[in-house]
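Morning, everyone. Please have a look at the chain on the screen, and then I'll walk you through it.

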Amino acid sequence: MGDQQTAHADDVSSVAVYVVAYLEVMPPSTGEAAAMLRQYRAASRTDVGHVHLEVLQQSGRTDHFAIVALWQDHNAFEAHAKAAHTRQCHEALQPLRISPYDERPHTALETGSPLATRTPGAIYVVTHADAIPPAKDDALVLLKELAEASRYEGGAMRFEVLQQRSRQNHFTIVELWQDQKALEAHAMATHTRQFREQFQPMTGSLYDERLYHALD
């Protein structure tokens, strides 16, 4: 994909819209869907207000895709949604899909350092985590602490925590690791294990962690 991401988190306005979307297609249609998503990605990067947009393919489940995007503001996000190339992509993908297109707008909870340039072999991790409503504020603290500690690890290229706009107790963690070794070291790190132990009693569902690679 080669998305040359040079924008700093501090340069992104508080009104920016982060979007994480999920798409599952019929296994025989994986190649066709991937080609459509590449075209969509290329067209979307020319949209006004585009900051970055990545199309990811799930490791081990190649018929599952995720789109992770950042738009300058809500107007840019809405204009993109109405753009001809967006509508054409959704229409073309509709007969290939197994389940509805699941798009979730977010705000930034913890984004930290500059967005790193992806390198060959890098591993993306996209995790959905939700807390029961009474524990939302405690969960916010734990997630921020996890992000702050994790982005200083060796091989950490990106670690963002996003909060869903429609459900304030639902969060998405977007990670980018240099390689499998870095990801495994993160999983074994003391702060990661402490987070999982403290977060588990507050969660409303399974900690849904999925590994991806960028669609080339």
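I'll start with the overall fold and finish with one histidine.

First, the ground rules. This is a predicted model: local features need pLDDT of at least 70, side-chain atom pairs count only at pLDDT 80 or more, and totals for chains, interfaces and linings use all residues. Residues are numbered from 1 along each chain as its sequence is written, and side-chain values use heavy atoms, with hydrogens and water left out.

Now the elements. The chain has six helices and eight strands. Those are DSSP runs, numbered from the N terminus: H or I of at least four residues for helices, E of at least two for strands. From the N terminus, the order is β-α-β-β-α-α-β-β-α-β-β-α-α-β.

Next, dimensions. The C-alpha trace spans about 45 × 35 × 35 Å along its principal axes.

What share of the 216 residues is buried? The share is 50%. Buried means under 20% relative accessible area, with a 1.4 Å probe and protein chains only; exposed is over 50%, and partly exposed lies in between.

On to contacts, meaning heavy atoms within 4.5 Å. Take those between residues at least 6 apart in sequence: 79% join residues at least 24 apart.

Finally, the histidine. His85 lies in helix α3, residues 84-93. Is His85 buried or exposed? His85 is buried, because its relative accessible area is 18%. Leaving out residues up to four places away in sequence, His85 touches Tyr40, Ala43, Ser44, Asp47 and His80.
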